[in-house]
Amino acid sequence: ATRAASTDELLASARLRALRLMAEGVTTLEVKSGYGLDLASERRMLEVARQLGRDLAVSVRTTYLGLHALPPDYRENRQAYIDAVSGPWLKTLCEAQLIDAVDAFCENIAFTLAETGQFLRAAARLNLRAHVHAGQLSDVGAAELAADVAALSADHLEYLSAGGAAALKKSGTVAVLLPCAYFTLRQN
């Protein structure tokens, strides 16, 4: 649906949501890409987010969720996708000044520690900070990876080891709990 949506449709939808949040007193929004799964769609989402920040009296921070899901057209060669997201796509979006931070979904059903690490380290070389979807469905060591790259945050953390908690504390990475996601997905 995101790939099929026009820029005007994405902007109208985002504007409506932003206005609702602003009416509740929200002054800063983080807008994440990650739903287009190709460079053109990711770029369009980030451009819309930047436009939203110019059009409305709200601060908008953009996050390139480069590793969110593996597109069907890369199922036979996932490393090519990781390389594209961590290389030319990231560089293109950064050079266009469309990214404030990056994010990755590090989980058994998503991306491995090695794949996530490749992406986060590529972002760090471009002076981009990271968020990490960590420990949402299982503990695969994503919290420790987030700490290792000095991520801004490790988000979800429903499954977190004592070692992961200690690593986050030591690094200063913020542990963000998202209980509504847990209950919405009926993980209780």
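Colleague: How much space lies in the largest pocket?
Modeller: This is a predicted model. Rolling a probe the size of a water molecule over the atoms shows where empty space is left. For the largest pocket, that space comes to about 590 Å³.

Colleague: Which residues lie closest to the centre of the largest pocket?
Modeller: The lining of this pocket counts 21 residues. Five of them are the closest to its centre: A14, R17, V31, K32 and Y35.

Colleague: Which element gives the largest share of the lining of the largest pocket?
Modeller: Three elements each supply at least two lining residues: α1 (7-23), β1 (28-32) and α2 (39-55). The largest share is 6 residues, and the element behind it is α1.

Colleague: How many residues in the lining of the largest pocket are nonpolar?
Modeller: Sort the lining by class. Charged residues number 3 and polar ones 4. The nonpolar count is 14.

Colleague: Is N127 buried or exposed?
Modeller: N127 has a positive phi of about 65°, although it is not a glycine. N127 sits in the loop between α4 (113-125) and β4 (129-134). Its relative accessible area is 72%, and the cut-off for exposed is over 50%. So N127 is exposed.

Conventions
Residues are numbered from 1 along each chain as its sequence is written. This is a predicted model: local features need pLDDT of at least 70, side-chain atom pairs count only at pLDDT 80 or more; totals for chains, interfaces and linings use all residues. Side-chain values use heavy atoms; hydrogens and water are left out. Helices (H or I, at least four residues) and strands (E, at least two) are DSSP runs, numbered from the N terminus. Buried means under 20% relative accessible area, exposed over 50%, partly exposed in between (1.4 Å probe, protein chains only). On a 1 Å grid over the protein atoms alone, a cavity is a set of points where a 1.4 Å probe fits but cannot get out, and a pocket is an open set with protein on both sides within 12 Å along at least five of seven lines; lining residues have an atom within 4 Å of a point. Grid points are joined across faces, edges and corners, and a volume is the space filled by probe spheres set on the points. Ala, Val, Leu, Ile, Met, Phe, Trp, Tyr, Cys and Pro count as nonpolar, Asp, Glu, Lys and Arg as charged, and the others, Gly among them, as polar.
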